[in-house]
Amino acid sequence: MNSWLRHHFQSLQQALTRFAEAPLASLANIVVVGVVLALPLGSYSLLSNLQFYAGSVPTEPQISIFLSTSPGRADVAALETRLRNAEGVRSVRFVPRDVALTSLKRLPGLNEVIASLRENPLPDAFVVTLTSSDADTAARLEVQFRGLPGVGTVQVDSAWVRRIESLLRIARSAVLMLALLLGFALVAVTFNTIRLQVLTQHEEIEVSKLVGATDAYVRRPFFYQGAALGVAGGIAALCIVQAAMLVFNTDLARLGPVFGILPVLRLLSFQDSLAFLSFAGILGWLGTYLAVSRHLLISEPR
Amino acid sequence: MTQPIISVREVTKRYPGGREALSGISMDIEAGEFVFLTGHSGAGKSTVFRLLAAIERPSSGSVLVAGQNVSALSPRGIPFLRRNLGLVFQDQKLLLDRSVFDNVMLPLLVTGQPYRDSARRARAALDKVGLLDREKTRPVALSGGEQQRLCIARAVVNRPSILIADEPTASLDSEYADTIMGMFRSFNQVGVTVLIATHDRQRLEQGRVVRLSHGRITA
């Protein structure tokens, strides 16, 4: 057990030595793997940012009902009861026109515009939250509410959120496919690298086997090398993506005041980075597995 | 009667293309023997060497080494067979990009022995063949005879019970060849079974001689 562990340590050392022996070639390899991995990683983090912001918008289906005239208190109460009793309605909130105006004033930039108005242009409104998000219910209620007395405009608010969600779903599949494809690319890159290494060390492998080395012994340093290539490439990809995000964030900070919001792209979390690096290592290991299982069997007795 | 340490039974080796290198040879070697395997070049000496080291498998017949059926050994078992054999190859198989010391260390490291013990044993083996002061040199800087001694050091560093050499004196002048033979004898004297394949007829004294001719044993 002790000698087994020792050899693992030696193999790791050997793998790192081989990196150091050909620093330029190794660096080129790491950059290739880094760029290959940066593409899906970057798309993933952009996507998860989008999801984060989309998620902060209420996805519960809502219907806004704007009243055509300013009704009396009794009419509002009657309408509210009818809305509340409609099938598929979870809750009803009345937004009086002056409250709506006050909340609009709070938005930066709009204050002056509103102050220049002589009277409040906003109607009274109801915000109705539905129990289910299916489109049929929303459509049925939309028609039903439109027929109610005093109702001007009826607007289904959640439609665009759902559209964004389905777009995000498509984007998620696209990123998954990209990751899958480029994962294959990483396996192919390590396969080639390790195969070349096996060929250049052909003599050492042969002699080691002739003096009693097992296949596992001969393969071990290559596995470390392949996994190390994957992890090093992964680190390069993380650096590329985080740097890109920082650049985006400075751009966004410049844009922010124009829109009155300050969106910030969140960097990858520590856990995500760790998971990503182990995944890269596993892919490197897999490429090595394919390379060495083909090449080390040739020297078996004929 | 003790079992022979090497037992070759009715072994035929045919290469792709139809050339028959060995045609049904049988021979036994007892533990502690010193045996020369001789014959003209192409007689099949090297084939016997490769069969014993499980580098090749016989087309038919069986090869037993230290009680193990080499001809039926699984690929997994082969490394463990080779650890009991000291092999001196005709083409030396030295690693030219490693030092003399590292070449001798290799058989010990592949078995996973502790580095410190291994280093001690490697130096002892180098001392036995008179190369201790050259341990840091690369094999290319050694003379032909020194390279051959390095091969022997690597073969015996694992303290094998059997030492098999393929043409160990082929490219050496006669004085050097005597030194090399002397080394094999001294290992034989401490109980190692020695089998030497050679076409060199001058050095067949003091040992059993097995003659091969055209893939058959003639004496």
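What follows is a chat about a predicted model with chains A and B.

Biologist: Hi! What should I know about numbering and the kind of model before I start?

Modeller: Residues are numbered from 1 along each chain as its sequence is written, and chains are lettered from A and ligands numbered from 1 in the order in which they are written. This is a predicted model, where local features need pLDDT of at least 70, side-chain atom pairs count only at pLDDT 80 or more, and totals for chains, interfaces and linings use all residues.

Biologist: What is the mean pLDDT of chain A?

Modeller: The mean is 83, and 89% of the residues of chain A reach 70 or more. pLDDT is the predictor's confidence in each residue, from 0 to 100.

Biologist: And where in chain A is confidence lowest, and where highest?

Modeller: Helix H5 (residues 110–115) of chain A is lowest, with a mean of 74, and H8(A) is highest, at 91. Where pLDDT is low, the predicted coordinates should not be read in detail.

Biologist: Good to know. How many helices and strands does chain A have?

Modeller: Chain A has 10 helices and four strands. Helices (H or I, at least four residues) and strands (E, at least two) are DSSP runs, numbered from the N terminus. Along the sequence the pattern of chain A reads α-α-β-α-β-α-α-β-α-β-α-α-α-α.

Biologist: How are the four strands arranged?

Modeller: They form an open sheet in the order S2-S3-S1-S4 (chain A), with antiparallel pairing. Two strands pair if DSSP finds at least two bridges between them. Strand S2 (89–95) and strand S4 (151–156) of chain A are the edge strands, and each pairs on one side only. On average, neighbouring strands of this sheet are turned by 20 degrees against each other, direction ignored.

Biologist: How many bridges join S1 and S4 of chain A?

Modeller: Five bridges join strand S1 (residues 62–67) of chain A to S4(A), and the two run antiparallel. In S4(A), Gln155(A) is the bridge partner of Ser64(A).

Biologist: Which helices touch that sheet?

Modeller: Helix H3 (residues 73–85) of chain A packs on the sheet, touching S2 and strand S3 (125–130) of chain A, and its direction makes about 160 degrees with that of S2(A). Helix H6 (residues 135–146) of chain A lies across S1, S3 and S4 of chain A, running at about 170 degrees to S4(A). For these angles, axes are lines fitted to C-alpha atoms, for helices over the stretch in contact, and angles run from 0 to 180 degrees between N-to-C directions. Two residues are in contact if their C-beta atoms, placed from the backbone, lie within 7 Å.

Biologist: Back to H8(A), then. Which of its residues are buried?

Modeller: In helix H8 (residues 202–210) of chain A, the buried residues are Ile205(A), Val207(A), Ser208(A), Lys209(A) and Leu210(A). A residue is buried if 20 or more other C-beta atoms lie within 10 Å of its own, exposed if 12 or fewer, and partly exposed in between, with C-beta atoms placed from the backbone. Just after H8(A), Gly212(A) takes a positive phi of about 105 degrees.

Biologist: Changing topic: what is the strand order of the open sheet in chain B?

Modeller: The order is S2-S1-S4-S5 (chain B), and the pairing is antiparallel. Strand S2 (20–29) and strand S5 (68–69) of chain B stand at the edges with a single partner strand each, so one side of each is left without a neighbour in the sheet. Six bridges join strand S1 (residues 6–14) of chain B to S2(B), running antiparallel, and Lys13(B) stands opposite Leu22(B) in S2(B).

Biologist: Which strands does S9 of chain B pair with?

Modeller: Strand S9 (residues 208–213) of chain B runs parallel to strand S3 (residues 34–38) of chain B, joined by four bridges, with Val35(B) opposite Arg208(B). Two bridges also join S9(B) to strand S10 (residues 216–217) of chain B, and that pair runs antiparallel. In the hairpin of S9(B) and S10(B), which has two residues between the strands, His214(B) takes a positive phi near 50 degrees.

Biologist: One more: why does Phe187(B) count as buried or exposed?

Modeller: Phe187(B) counts as buried because 20 other C-beta atoms lie within 10 Å. Phe187(B) sits in helix H6 (residues 174–189) of chain B. Not counting residues up to four places away in sequence, Phe187(B) touches Val156(B), Leu163(B), Val192(B) and Val194(B).

Biologist: And how many residues of chain B are in contact with chain A?

Modeller: There are 17 residues of chain B in contact with 17 residues of chain A.
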